[in-house]
Amino acid sequence: MDLGIAGKRALVCASSKGLGRGCAEALAEAGVDLIMNARGSEALEAAAQEIRDRFGVNVVTVAADVTTPDGQAAVLDAAKGVDILVTNAGGPPPGMWTDWDRDDFIKALDANMLAPIALMKALLPGMMDKGWGRVVNITSQSVKSPIPVLGLSNSARAGLTGYVAGTSRQVAPHGVTINNMLPGIHATDRAVGLDTGVSNAEGITIDEARAKRQATIPARRYGTAAEFGAMCAFLCSQHAGFIVGQNILLDGGAVNTTM
């Protein structure tokens, strides 16, 4: 399917690896030029060069932490006039409700709620002026089904979801859509970290920990960055203009809900 977005420009955050990279690759395959962001410059440059070589698109890199004002300023300077924004940031560490204080919640909000909002506020006006734009926020399945040990993530991402619910309907008349993608467990570094935590806590091997979690997923496997990226590219395509303010689960059926 021709997604109709060749020649567009996209900012993809946290895109040197994992789900962000999956999105960057899928957009590049559709002919979209990229501004790729991540904190680590070495991994970012390597990923960008691989995408240039594979897809022949223009790729600009910005190594910066978008949870900070300076990082946001650097990314936004490179991303002026983009047509597509994909926000993404790693989730806060797991723990128990007794572990967290105000500073922990502020860090989570900065990374997983306030940073995406800041990028949207800066880039949405330009999209509205052009009469076309796409925003996809990578959040979590915890928005639909909170995960007890991820209370910081549950809280921050739920706040972002509420913001998108209202804002998406305000910008839709201008040809701009905002939607959220809610990943379940995918084969990324984040999954390795969580599996390692289970392995250490329960005294089992990491393979046993992974198998135990896969058994809870109806698809009986973890998702891939490539299939996640394909959905992102579709939501950013010309064909998705009637999808507004939605929360798209990509979880292999793990969240048992009708809504």
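The radius of gyration of the protein chain, taken over C-alpha atoms with a globule rule of 2.2 Å times the number of residues to the power 0.38, is 18 Å, which agrees with the value near 18 Å for a compact globule of 259 residues. The model is predicted: local features need pLDDT of at least 70 and side-chain atom pairs count only at pLDDT 80 or more, whereas totals for chains, interfaces and linings use all residues. Residues are numbered from 1 along each chain as its sequence is written, and side-chain values use heavy atoms, with hydrogens and water left out. The C-alpha trace spans about 55 × 40 × 40 Å along its principal axes. Of the 259 residues, 46% count as buried (buried, under 20% relative accessible area; exposed, over 50%; partly exposed, in between; 1.4 Å probe, protein chains only).

Across the whole structure, 11 salt bridges are found, each defined by a side-chain nitrogen of Lys or Arg within 4 Å of a carboxyl oxygen of Asp or Glu. One of them joins Lys130 and Asp83 at 2.7 Å, N to O. Lys130 lies in helix α4 (residues 102–130) and Asp83 in the loop between α3 and β4, so the pair ties together parts 47 residues apart in sequence; helices (H or I, at least four residues) and strands (E, at least two) are DSSP runs numbered from the N terminus. Lys130 is partly exposed, at 44% relative accessible area, whereas Asp83 is buried, at 11%.

A further salt bridge pairs Arg21 with Glu25 at 2.9 Å, N to O. Both residues lie in helix α1 (residues 18–29), four residues apart, and Arg21 is buried, with a relative accessible area of 17%.
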